[in-house]
Amino acid sequence: MKYIVCIPDGVADSLQDYPTGDTPMRMAHTPTLDALADHGVVGWVKTVPDACSPGSDVACLSIFGYDPEVYYTGRSPLEAVSMGIDLGDNLAFRCNLVTVEDGVMKDFTAGHISTEEADQIIQALNAELRSPSIRFYTGVQYRHALVTPADWQDCTCTPPHDIQEQLVLPSLPQGPAAVLVLDLMNRSKMILANHPVNLARRKTGKRPVTQIWLWGQGTSPKLPLYSERCGLRGAAISAVDLIKGIAMLAGLNVIEVKGATGLPDTNYEGKADAALTALEHGDFVCVHVEATDEMGHKGDEKMKTQAFTDFDQRLVRHIVEGLRAKNEPFRMLVMPDHPTPIRIRTHSKDPVPFLLYDSRYPEQTGSGGYNEWNVKQRSQSIILGYKMIDLLCEKIVDSIGS
């Protein structure tokens, strides 16, 4: 048996904002996912515990089968693992490169700055701000890391994607260590004001990096290996360090796919091919796509719909057809980590719709496909996120929607 988890990050939306049910999920062209849903099981998943914020860190830990209330120590430490950073007893902060204009968070991605441009900025920050206990590390695009002493922990920080088009003043760091965090954020403004990367970006009409924004701090996490947690061996495929870090801590192989960008231009077909290859050597693979979440943050309904169409037609369809061509029995779980509704342009902690398909049972179980509206008609059941991996692996009874 082969086990597959496919995550269209943030694709779910709020039905309250779509009274007729025509969310991006429903409006996308997804015949593969619709067929799997109509011949499988659907329901709802609570990926974010009440006490946690609805970040991809918390939600993806849940999808991988780890209870966030037990294992979560912060977002940046998970990304640091993927970046090869040995924290020791130190702290890691997520360091976004952002555009703040007239005191307003205009873009938490600085115009989706390229990794090559970002690396030049990170080098400049290290040249001016680095000390024996403080260092910046280059990540991917606008997502980077800062390592500090552990006593910087006592500080409440706001994710920049939560305050788009809002004044930043009410959301600046608070708490005993806030003065240290704010000092770095403020000093970065002077360093970046006339940086060559920004001068070039302004000339071409692109948004500059006006400063760093620090958040998501935490200490080194520890996770049970997947071989112990689920009895599985396999791999994970993603463009973002967060998923790679969780996978590495779980003892899964991380597969790098050329052209995997985390944006709508990502290499869907390459990810599908890599997933099929991984299943030749193991029994599990998780494939994560970031584009749907990025378009939710942009508030771009059309592009979010297209990204979900691509997820179906260029990724899931290829994986399903490849497994069927080999007569491989498989169970596939498809679910977003959290909603990223178009109206609010950030994450919510509402339950998300899932579909679970088992190729051994081809009988039709419903109709209407895979979208929030239809799942609501078929099932009101809600399962805790970290138990979904047990449902996939048949360690708990599949009674959802019955």
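Which residues point one way from strand 1, which the other way, and are they buried or exposed? I found K2, I4, C6 and P8 on one side and Y3, V5 and I7 on the other, and all are buried. I took buried as under 20% relative accessible area, exposed as over 50% and partly exposed as in between (1.4 Å probe, protein chains only).

I noted that the model is predicted, that local features need pLDDT of at least 70 and side-chain atom pairs pLDDT 80 or more, and that totals for chains, interfaces and linings use all residues. Residues are numbered from 1 along each chain as its sequence is written, and side-chain values use heavy atoms, with hydrogens and water left out.

I recorded strand 1 as residues 2-8, with 7 of its 7 residues buried. Strands (E, at least two residues) and helices (H or I, at least four) are DSSP runs, numbered from the N terminus. I then looked up the pairing, for which DSSP must find at least two bridges between two strands. Strand 1 runs parallel to strand 11 (residues 330-334) over 5 bridges, and K2 has F330 as its bridge partner there. Strand 10 (residues 284-289) is also parallel to strand 1, through 6 bridges; in strand 10, V289 stands opposite P8.

I traced an open sheet of 8 strands in the order 9-8-10-1-11-12-2-13, with mixed pairing. Its edges are strand 9 (253-255) and strand 13 (382-384), each of which pairs on one side only. From one strand to the next, the twist averages 25°. Helix 2 (residues 31-38) packs on the sheet and touches strand 2 (41-46), strand 11 and strand 12 (352-358); contact means heavy atoms within 4.5 Å. The direction of helix 2 makes about 75° with that of strand 12. Axes are lines fitted to C-alpha atoms, for helices over the stretch in contact, and angles run from 0 to 180 degrees between N-to-C directions.

**The largest pocket**

I looked up the largest pocket, with a volume of about 430 Å³. A pocket is an open set of points on a 1 Å grid over the protein atoms alone, where a 1.4 Å probe fits, with protein on both sides within 12 Å along at least five of seven lines; lining residues have an atom within 4 Å of a point. The volume is the space filled by probe spheres set on the points, which are joined across faces, edges and corners. Of its 22 lining residues, S53, Y72, C157, P159 and W215 are the closest to the centre. Strand 7 gives the most to this lining, with 3 residues.
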